[in-house]
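The tour moves stop by stop.

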Amino acid sequence: AASFPASAGKLSEYLHQHPSFDTVAGLSLSDADLQANVPHVGPLTFPIHVATLSFNATSTHSLAALASSFFSSEISRASNGSASLSMSTHDLPQTKRETAQVDAFVSVFASIMILIPFAFVGASFVTPLVAERESGSKQLQFVAGVNSAVYWLANWLWDSAMYALVLLCTMAVFLMMHREEFTGSAENTLGTFLVLAGFGLAALPLSSAASFMFHSPSTALIVMIALHFLSGFGLIITNFILMSIDSTQAANDSLQAVYMLFPAYNLGKGFFVLSTRSAFATLGVSSADLFDFSDLIRGNSLAGPLVFLVAEAAVFVVLTLLLQQAEALNASFGHCVPRRSRTKP
């Protein structure tokens, strides 16, 4: 027996010293030595007991379940078991801000997940190029008089037609699923289309240049999938984590130029920009122009990714033609060098 503060403290101390999963709650009553002063009524002339109820606050429904059990038992005892009480709890409806935060997380997560299938799409174009070279079909075409520039132009046109089908199917899925962040407006639809087209524009000549490094089509496919996955999905996650930590924000800003050298990262950044703009708009926060060219590297717009994708496409095209010329010179030099004839002793 103790006064109200002391009894509450003793109850808390007892529960701390005797933890048990079977103990759902604890109840203590103070001594009847307090004089209560009730609002609008005045002081009472009789002492009262103060009850202290301790329950597991980490369980959302523990207090409601405890109250339901207590009052149900009281009603059952008063009615000789003929009546009982049931209780249910319902969460409050989400506010607009909470709904926007959930939608923003889902949108950003979906934009990152898109990078996984496009890692396979971007890598798939290297397989026939390596197979043609290793089977001798490519050399046969050159011997028949096909110009190297014409050969690569034909490959890029065919691959572009195949990628266009993927692009159109992806846009159709966005429209059918009513993804507001990607196709909610004409500006967002145009931005999504340009980012996807820019990735294809850069990924096709990248596969062409990379095909000179491999002798096995399967090995080339696996390596290119890993490259697109790590440079896209991996760097986007890395950028998001470093951007969220105050001590690493400066280092992350300085690495943006390195990140954007990879086509898959520019694709991911484009989707990330579209997703975050939609979330900010829901929260009533204004964003920069979608095609703002003032800061291509650190700006939160599609201008940077699009410019880098076009520039990378041009670099990879030139690199492919240079590698083709080097391969042709190497083959010609190899034919010109006389081989030693082996004579039996």
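The stops below run from the whole chain to single residues.

**Before you start**

This is a predicted model, in which local features need pLDDT of at least 70, side-chain atom pairs count only at pLDDT 80 or more, and totals for chains, interfaces and linings use all residues. Residues are numbered from 1 along each chain as its sequence is written, and side-chain values use heavy atoms, with hydrogens and water left out.

**Stop 1: the whole chain**

Show the protein chain as a cartoon. Its secondary structure comes to 13 helices and four strands. Helices (H or I, at least four residues) and strands (E, at least two) are DSSP runs, numbered from the N terminus.

Now colour by burial. Buried means under 20% relative accessible area, exposed means over 50%, and partly exposed lies in between (1.4 Å probe, protein chains only). Of the 345 residues, 32% count as buried. The chain exposes about 21,100 Å², and carbon and sulfur atoms supply 67% of that area. Accessible areas come from the Shrake-Rupley method with a 1.4 Å probe; for residues, only the protein chains shown count as cover.

Contacts come next: heavy atoms within 4.5 Å. Among contacts with a separation of 6 or more, 65% join residues 24 or more positions apart.

**Stop 2: the annotated spans**

Zoom in on two of them. Residues 160-178 are 89% helix and 0% strand, with end C-alpha atoms 27 Å apart. Residues 220-245 are 96% helix and 0% strand, and their end C-alpha atoms lie 37 Å apart.

**Stop 3: the cores**

Select Phe118, Tyr163, Leu196, Phe199, Leu267, Phe271 and Leu302. These have the most contacts inside the largest nonpolar core, which has 33 residues. Such a core is a set of buried Ala, Val, Leu, Ile, Met, Phe, Trp, Tyr and Cys residues joined through side-chain atoms within 4.5 Å. Elements giving two or more residues to this core include helix H3 (96-113), helix H4 (115-123) and helix H13 (303-336). Which helix gives the largest share of this core? H12 does, with seven residues.

Stay on Phe271. Beyond its neighbours within four places in sequence, Phe271 is in contact with Ser111, Ile114, Phe174, Phe182, Thr192 and Leu196. A second, separate core has 10 residues, including Ala210, Met224, Ile225 and Phe316.

**Stop 4**

Select helix H5, residues 126-135. Its buried residues are Val126, Leu129, Val130 and Arg133. They cover an arc of only 95° around the axis, which puts them on the same side of H5. The arc is that of the directions from the helix axis to the C-beta atoms. Gly136 follows H5 and has a positive phi, near 90°.

Move to helix H11, residues 249-259. Here Asn252, Gln256 and Tyr259 are buried. Down the axis of H11, its buried residues fall within an arc of 75°, so they line one face of the helix.

**Stop 5**

Select Ser207, in helix H9. Ser207 counts as buried, at 0% relative accessibility. Its side chain reaches the backbone oxygen of Gly122 at 3.1 Å. Not counting residues up to four places away in sequence, Ser207 touches Gly122, Phe125, Val126, Leu129 and Met224.

Leu201 is also found in helix H9. Is Leu201 buried or partly exposed? Leu201 counts as partly exposed, at 45% relative accessibility. Leaving aside neighbours within four places in sequence, Leu201 is in contact with Val310 and Ala313. Trp156 is 45 residues from Leu201 in sequence and 9.3 Å away in space, C-alpha to C-alpha.

**Stop 6**

Select Asn155, in helix H7 (residues 148-176). Asn155 is buried, with a relative accessible area of 15%. Beyond its neighbours within four places in sequence, Asn155 is in contact with Leu129 and Glu132. The C-alpha atoms of Asn155 and Phe125 are separated by 9.6 Å.

Finish at His178, in the loop between H7 and helix H8 (180-183). His178 is exposed, with a relative accessible area of 61%. Its phi is near 55°, a positive value in a residue other than glycine.

Terms used:
Polar contact = N/O pair within 3.5 Å; in protein donor to acceptor, adjacent residues only side chain to side chain.
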